[in-house]
Protein chains: 2
Amino acid sequence: MTGLSFALLATDGAARRGRISTAHGTVETPAFMPVGTAGTVKAMTADAVRSTGAEIVLGNTYHLMLRPGAERVGRLGGLHRFMGWQGPILTDSGGFQVMSLAGLRKIDENGVTFRSHIDGSAHALTPERSIQIQHLLDADITMAFDECTPFPATEEQAAASMRLSMRWAARSRDAFVERPGYGLFGIVQGSTFRDLRAESAAALQEIGFHGYAIGGLAVGEGQAAMFETVGFTTPMLPADRPRYLMGVGRPEDIVGAVQRGIDMFDCVMPTRSGRTAQGFTRHGTVNIRNARHAEDPRPLDAACGCPACCDHSRAYLHHLFKANEILGSMLLTWHNIQYYQDLMAGLRQAIADGRLDAHVGELQQGWVAGDIAALPPSSTDAP
Amino acid sequence: MTGLSFALLATDGAARRGRISTAHGTVETPAFMPVGTAGTVKAMTADAVRSTGAEIVLGNTYHLMLRPGAERVGRLGGLHRFMGWQGPILTDSGGFQVMSLAGLRKIDENGVTFRSHIDGSAHALTPERSIQIQHLLDADITMAFDECTPFPATEEQAAASMRLSMRWAARSRDAFVERPGYGLFGIVQGSTFRDLRAESAAALQEIGFHGYAIGGLAVGEGQAAMFETVGFTTPMLPADRPRYLMGVGRPEDIVGAVQRGIDMFDCVMPTRSGRTAQGFTRHGTVNIRNARHAEDPRPLDAACGCPACCDHSRAYLHHLFKANEILGSMLLTWHNIQYYQDLMAGLRQAIADGRLDAHVGELQQGWVAGDIAALPPSSTDAP
């Protein structure tokens, strides 16, 4: 294969320290990919995203095909040039978001027809069209077109859905144009059923992909079922290819999945939370709108190097959200992405040092201890 | 006086090239001050504001006294520390915005009582309280408390309003605490009446201020009346003190006022327009939402060094506004502030070189010529 390559640099138990090499640069793994849905990581410049240490971002086929359109992005030189992000980009296949966002969906063997959530216009996605769109976007990593099996599903429903996805995976593979440094990932489905996951993993390896994703999780099954499914699925995947757990998650989810052999993650959590006043910190999550922060001169997270923490107080962030200032979303998103990247860097170092479990214990201790104690109320507060 | 100082470096006709030295640094004039209403230049980090070449920002007493409160900002170390802006800050007196934003206003000799537009709570502003608030905010330049005379006003109304402002100016002067590098500006009122402006300018100089502002303009009188009033008022002001035209304006307004001897400006135009898809450029204003930009790979303004112009196409900016992405407001605000700062830098250089009128002619030529021609429609546009 002439596609992207993966080097496994170290292991610690099931956890892996690796490096993906793509046409637009390398990605140290385990890696978290900030979500840039419509060609922008919401409320951040590309420079700001880069400054956090993020090496790869995710783009959404569904959003970009509807607006501004894949052919248009292609004519403008691809998604890297369009959004000013020169590093690697992974795009999803559009299947998941058709199911969660679009109207009047109809699914059959050929693919999906649906109406845009923006203007009601009619569209179709097939494996072939999804791969073509991702090619037009110039994605370094293209995802096979699949159906994200709803949860809960009976074993029969999950099997039928998974087998449809496997037929679509073969069509995706046929439609993918090999180019040096570009890759196509297959997606293991099968809900929480071990036998179905095994069947899916085998079917995908029979087809052959540059990497393997685990789909159909983080859809309501809960952390225990998610960890269990990840735990029995990763050993079914080849050791010499990257593994991507789609749509996960909270810091504690990511840590557990890394311990179970996952290399790549994406989630809207840090960006969405950044716009709703939730900050992720080394002492757990903090709601900066809470009145206890109104006059707190301390940084959100004293160990963080982002501008929200280095240049500003909790009181200022609190004020920005109370006043509905855009800068509040900008700063807290920046912080959350910085926190996630710091989290991944720490996990990578711990795997390399062979002390992942001890490191995870320290992380969890911080989260469980909770936020720093509130300051005593000011004795000179204005009436 | 121990306050801030002003050095007049060069003149070209009535236009002046100067330097204001304050407790938090120097300001090259003519200068444009980005408006940071509630402790943030909307949609920009302090670093981004600095990167445009801006040396001083404006804060609004009315907004900050209501939220988060002047005493709170004071306890948090002042506005510089609160908003992470280490350069000079000018604050207005609150009078103008009480009149334009607050509810149930009552004005008498003592001052103004009003209700907050945020929560309806009752507040009062007097000259003494306004100066105290600006002290708590740690403003390098404090503005005297005045009544912004509505437009149109009869000469009698304008005279009564101006004389009230002059009595308040004297009380503001008495309330101001002198500190090295800090200054208090008086505000000339009198609507468009030359005799009233002369009376006001004389009254203020009798009191004595570190600088002189022209208030009560940009309130609907039109550019011709504004230029005329500025033109006959600046000669009434001392040459050795900075002159500030409040609330002005569009690039063409600023240029004309600089030619008439103004040193300082503020306006919400570049920031507000940046959030409503209006870009200021060397070829006039551009509405980036216009369909002609949808597939235009060219920068908004090829001569601009901001990230919106260096890293992105018009097509991308267009897309961001169509998709209601926060990054659209961020990038276009950044561009507009950069454009205003470049405009001021060009004016300063032209004054120093003694070729202001020629330079202004070139600027106007660019604005009048209008935007670059649209590209021919793409022949391969998707249906």
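Author: Buried area is the accessible area that two parts lose on being put together, summed over both. The model discussed here is predicted.

Reader: What makes about 2300 Å² the buried area of domain 1 and domain 2 of chain A?

Author: Domain 1 of chain A and domain 2 of chain A bury about 2300 Å² between them. Carbon and sulfur atoms hold 73% of it.

Reader: Which element gives the largest share of the domain 1 side of chain A that touches domain 2?

Author: H10(A) does, with 6 residues. By class, this side of domain 1 of chain A has 15 nonpolar, 7 polar and 7 charged residues.

Reader: How many salt bridges does the rule find across the interface of domain 1 and domain 2 of chain A?

Author: The rule finds 0 salt bridges there. Across that interface of chain A, 7 residue pairs are in polar contact.

Reader: Why is the pair Lys42(A) and Glu325(B) called a salt bridge?

Author: A side-chain nitrogen of Lys must lie within 4 Å of a carboxyl oxygen of Glu. For Lys42(A) and Glu325(B) the N to O distance is 2.6 Å, so the pair qualifies. Between chain A and chain B the count is 6 salt bridges.

Reader: What is the area buried between chain A and chain B?

Author: About 3400 Å² is buried between chain A and chain B, and carbon and sulfur atoms give 59% of this area. The contact involves 42 residues of chain A and 42 residues of chain B.

Technical notes:
Residues are numbered from 1 along each chain as its sequence is written. Chains are lettered from A and ligands numbered from 1 in the order in which they are written. This is a predicted model: local features need pLDDT of at least 70, side-chain atom pairs count only at pLDDT 80 or more; totals for chains, interfaces and linings use all residues. Side-chain values use heavy atoms; hydrogens and water are left out. Contact means heavy atoms within 4.5 Å. Buried area is the accessible area (1.4 Å probe) that two parts lose on being put together, summed over both. A polar contact is a pair of N or O atoms within 3.5 Å; within protein, one must be able to donate a hydrogen and the other to accept it, and residues adjacent in sequence count only if both atoms are side-chain atoms. Helices (H or I, at least four residues) and strands (E, at least two) are DSSP runs, numbered from the N terminus. Ala, Val, Leu, Ile, Met, Phe, Trp, Tyr, Cys and Pro count as nonpolar, Asp, Glu, Lys and Arg as charged, and the others, Gly among them, as polar.
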